[in-house]
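Hi,

Here is the structure I promised to pass on. Have a look at it first, and then read on for what I found.

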Amino acid sequence: MPLTAKCKECGADIEIPDDALPGEIVSCPDCGLEYEIVSIQAGKVELKLAEEIGEDWGE
Amino acid sequence: MKITILHDLIRWEEKALYQASLKKGLDVSLIDIKDEFFDVTKDYDSKFGDVALQRATSYYKGLHSAAIIESLGVKVINSSQVLMITGNKLFTTLKLKENNIATPRTIVAFSPEKAIEAFKELGEKAVIKPVLGSWGRMVALLDSYYSAKAVFEEREYMEPIYQVYYLQEFVKRPPRDIRAFVVGDQVIAAIYRHQPSGDFRTNTALGGKAENCPVTKEIEDLAIKAAKAIGNGVYGVDMMETEKGIVVHEVNGTVEFKNSVSVTGVDIPAKIIDFAIEVAKR
């Protein structure tokens with residue numbers, strides 16, 4: 001059973017990939033909201049809203 | 001040997017670099033610089049190992065954290081000196097010019113009035129780019145006097161960096177550009193980036209399609225020359241095929257390669273890690 005988390009915005013289930021790491025971005029399949037993985041411990045995942053793309057982001 | 005991958009976000013690239021390090025039996029750690037604080041006036045044994053890869057997406061976070069970690073005696077790839085140049089399109093252009101590397105004609109102004117004069121100098125058709133940031137964000141093709149004037153005026157109400165008006169001639173080229181991947185003194189791969197319909201920008205972040213590009217002698221020489229102009233490191237050198245030959249228009253210091261590994265068949269993350277090991281031994 002893949003790990004999932006509830007989207008705070010629309011309540012949909014967000015599937016967390018098996019090889020996901022803290023700091024990684026996942027997005028809600030229904031509303032598209034992006035979250036950053038804070039931690040994954042003992043089958044529980046904590047998310048926080050991902051930062052907006054910064055003006056100085058990029059290569 | 002201990003290697004650290006510094007990041008503010010984990011993308012495909014950071015995970016690929018992490019996996020490549022494990023495969024080479026390295027002691028590797030992923031460190032989110034947002035989870036650290038740095039006692040910069042104190043000397044202490046750093047936990048950043050022998051060499052650190054700077055993968056922060058944010059130019060400011062990446063540049064400043066690289067400088068701090070270097071002060072702890074750790075080699076950082078790319079160095080803060082390199083990042084200062086590659087992160088700013090004007091500094092990159094000046095480096096290219098200083099080393100006689102063909103680059104698009106560029107005019108810089110610091111007021112809307114002078115920006116309009118620069119726009120006329122460029123034949124009332126020019127590309128305006130913010131000097132910071134990437135992924136094609138706010139790169140705009142200005143081809144009418146009044147729309148140019150409007151863009152310049154709007155910039156006066158934005159943060160100070162936007163009052164650096166960096167205007168480039170609009171280069172006639174096929175609907176694609178070239179990105180060459182340079183690691184140390186080698187061009188390990190190159191891709192064409194085909195612009196999506198309805199846009200003149202080729203960034204894959206905007207839907208540009210990557211295709212393998214054979215590394216010709218001309219591409220190799222130019223890419224190595226551009227990399228050497230800035231310093232030993234890992235780069236994405238962006239080029240355009242113009243009527244007068246290939247020109248370099250940008251050099252990127254935190255290169256993304258997710259789409260390039262599959263189309264080129266080159267294990268780019270592994271090459272980067274090999275280079276990091278080499279640098280750590282020097």
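Before the charges make sense, one convention: Lys and Arg count as positive and Asp and Glu as negative, while His and the chain ends are not counted. On that basis, chain A has 4 positive and 15 negative side chains, and the centres of those two sets lie 12 Å apart. Chain B carries 37 positive and 38 negative side chains, with the two centres 2 Å apart. Do keep in mind that this is a predicted model.

Let me start with chain A. There are 0 helices and 5 strands in it, so to speak β-β-β-β-β from the N terminus on, as DSSP runs go. Its C-alpha atoms fill a box of roughly 40 × 25 × 15 Å along the principal axes. Of the 59 residues in chain A, 37% are buried. The accessible surface of the chain is about 3,600 Å², and carbon and sulfur atoms account for 50% of that. If you take the contacts in chain A between residues at least 6 apart in sequence, 20% of them join residues at least 24 apart.

Most residues other than glycine have a negative phi. A:Ala42 counts as exposed because its relative accessibility is 85%, and the cut-off for exposed is over 50%.

On to chain B. Its secondary structure comes to 9 helices and 13 strands, and its C-alpha atoms fill a box of roughly 55 × 45 × 30 Å along the principal axes. A compact globule of 282 residues would have a radius of gyration near 19 Å, and chain B agrees because its own value is 19 Å. Buried residues make up 56% of the chain.

Where do the two chains touch? One place is B:Lys15, whose side chain makes a polar contact with the side chain of A:Glu24 at 2.9 Å. B:Lys15 is in helix H1 (residues 12–23) of chain B. Setting aside neighbours within four places in sequence, B:Lys15 is in contact with A:Asp19, A:Ala20, A:Leu21, A:Glu24 and B:Ile10. B:Lys15 counts as buried because its relative accessibility is 14%, and buried means under 20%.

Two backbone details in chain B are worth a look as well. A cis peptide bond, with omega about 0°, joins B:Ile77 and B:Asn78. Most peptide bonds are trans. B:Asn78 belongs to the loop between strand S4 (75–77) and helix H3 (80–86). The other detail is B:Trp135, not a glycine, yet with a positive phi of about 60°. B:Trp135 is in the loop between strand S6 (126–129) and strand S7 (140–142), and it counts as buried at 16% relative accessibility.

Last stop: B:Thr204, in the loop between strand S10 (186–194) and strand S11 (209–212) of chain B. With a relative accessible area of 28%, B:Thr204 is partly exposed. Beyond its neighbours within four places in sequence, B:Thr204 is in contact with B:Arg193 and B:Asn259.

Cheers

How values were computed. Residues are numbered from 1 along each chain as its sequence is written. Chains are lettered from A and ligands numbered from 1 in the order in which they are written. This is a predicted model: local features need pLDDT of at least 70, side-chain atom pairs count only at pLDDT 80 or more; totals for chains, interfaces and linings use all residues. Side-chain values use heavy atoms; hydrogens and water are left out. Helices (H or I, at least four residues) and strands (E, at least two) are DSSP runs, numbered from the N terminus. The radius of gyration is taken over C-alpha atoms; the globule rule is 2.2 Å times the number of residues to the power 0.38. Buried means under 20% relative accessible area, exposed over 50%, partly exposed in between (1.4 Å probe, protein chains only). The place of a charge is taken as NZ of Lys, CZ of Arg, CG of Asp or CD of Glu. A polar contact is a pair of N or O atoms within 3.5 Å; within protein, one must be able to donate a hydrogen and the other to accept it, and residues adjacent in sequence count only if both atoms are side-chain atoms. Contact means heavy atoms within 4.5 Å. Accessible areas come from the Shrake-Rupley method with a 1.4 Å probe; for residues, only the protein chains shown count as cover.
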